[in-house]
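Subject: Structure handover

Hello,

I am passing on the structure we discussed, with notes on what was found in it. Please open it first and then read on.

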Amino acid sequence: MTTTTIQIPSLTPHPSLEYWSVCKVEALFETPFLELVYRAAQVHREHFNPQAIQLSTLMSIKTGGCPEDCGYCPQSARYHTGVQNQQLLCVEEIIEKAKIAKSRGAGRFCMGAAWRGPKPKDVEKLTEIIKAVKELGLETCGTFGLLQDGMAEDLKEAGLDYYNHNIDTAPEHYKEIIGTRDFDDRLNTLGKVRKAGLKVCCGGIVGMNETRKERAGLIASLANLDPQPESVPINQLVKVEGTPLADAQELDWTEFVRTIAVARITMPKSYVRLSAGRQGMSEEMQAMCFMAGANSIFYGDKLLVTANPEEDGDQLLMAKLDLEPETEENRLKQG
């Protein structure tokens, strides 16, 4: 691996991009609910086919034992959540799952490993896995934690398309959630990923006792990345017994839909994904999220170690809403 100096990307975008101050994003949140959803739906239709949903499948390829203290995460070694530690899976087992995902309509296969960051020996194994998944004709995405110099280039060369690295929450709320890393650590890895030519999947989690202003700060931080993330997962906190956020205050469903709508308006060309927490959402709430500009979901019965809606249930909901999996044929070109 080569050694390079990576400059942390600024949250102030290129002059050709619109700058989203926290106050400006907060004003969007204050827009009357139905008007906000309507505006987001208009933006969505300008850039995407509103009937097409991008389907991704997420698999935990290395589970538990993470040394970090993220207050939401059941995979942290610091909390007693019942998650069993599991070493990196073999290529054959991962490929078997990837084949199943593809046969069920997934276009992207995402792999997650519970590390603070991989070691060089881990990257050697990851490149083998990525090459094998890529050969199936799937888009590949990885979330492996903080990257050392040269690792992003190695992953790119192996065929990785996307690197997922969420900023989690607003900069000012970050220390309330995580103490073992800084907000700038996330930006540093995002800078390495961009420099290597990888696409970025970057979002956050809402419902972690943050204020609306802090939710606006999360969206502003994402929207001001230059370039904006190609994929933006918006997660609703899944409260897991044993984690510090197990008793977090419940977030009203309309606030979550507002967050989806604001993400769509501020990041018009990004895929906005309904991610964790979807199992607890009613069909009506999910339909409203799709109306507000969400156009991607994780598809499968598990998200790393937490439950996700059954695939049959997703298919039924998509049929009710006249939605279909995104393909090259039904994708509307982004403007």
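**Helix α3 and helix α4**

In this model, α3 crosses α4 in a right-handed sense. Please keep in mind that the model is a predicted one. The two helices, α3 and α4 (residues 120–134), pack at an angle of about 30°, and their axes are 10 Å apart. An angle under 35 degrees counts as roughly parallel, and α3 and α4 are therefore roughly parallel to each other. On the α3 side the contact is made by V91, I94, I95 and A98, and on the α4 side by E128, I129, A132 and V133. Sorted by class, the residues where α3 meets α4 are seven nonpolar, no polar and one charged.

S76 lies in the loop that runs between β1 (52–62) and α3 (91–103). Is S76 buried or exposed? With a relative accessible area of 4%, S76 is buried; the cut-off for buried is under 20%. If residues up to four places away in sequence are not counted, S76 touches C66, E68 and D69.

**Strand β6**

I205 belongs to strand β6, which covers residues 204–206. Its relative accessible area is 9%, so I205 is buried as well. Which residues does I205 contact, leaving aside its neighbours within four places in sequence? They are Y72, D168, L218, N235, Q236 and L237.

**Helix α1 and helix α8**

The next pair is α1 (residues 22–29) and α8 (residues 212–223), whose axes come within 8 Å and cross at roughly 115°. This crossing of α1 and α8 is right-handed. From α1, the residues V22, V25, E26 and F29 take part; they meet R212, K213, R215, A216, G217, I219 and A220 of α8. By class, the contact of α1 with α8 has six nonpolar residues, one polar and four charged.

**Helix α9 and helix α10**

Helix α9 (residues 253–266) packs against helix α10 (residues 283–291) at an angle of about 25°, with 9 Å between their axes. That angle makes α9 roughly parallel to α10. The crossing of α9 past α10 is right-handed. W253, F256, V257 and I260 form the α9 side of the contact, while M285, M288 and C289 form the α10 side. How many nonpolar, polar and charged residues does the contact of α9 with α10 have? There are seven nonpolar residues, no polar ones and no charged ones.

Within α10, the buried residues are M285, Q286, C289 and F290. These four cover an arc of only 140° around the axis, so they sit on the same side of α10. Just after α10 comes G293, which takes a positive phi of about 115°.

Regards

Definitions and conventions. Residues numbered from 1 in each chain as written. Predicted model: local features only at pLDDT ≥ 70, side-chain atom pairs only at ≥ 80, totals over all residues. Heavy atoms only, no water. Axes fitted to C-alpha atoms, helices over the stretch in contact; angles between N-to-C directions. Parallel < 35°, antiparallel > 145°, perpendicular 65-115°, else oblique. Left-handed = near helix turned anticlockwise from the far one by under 90°. Contact = heavy atoms within 4.5 Å. Nonpolar A, V, L, I, M, F, W, Y, C, P; charged D, E, K, R; others polar. Buried < 20%, exposed > 50% of the residue type's maximum accessible area, 1.4 Å probe, protein only. Arc of directions from axis to C-beta.
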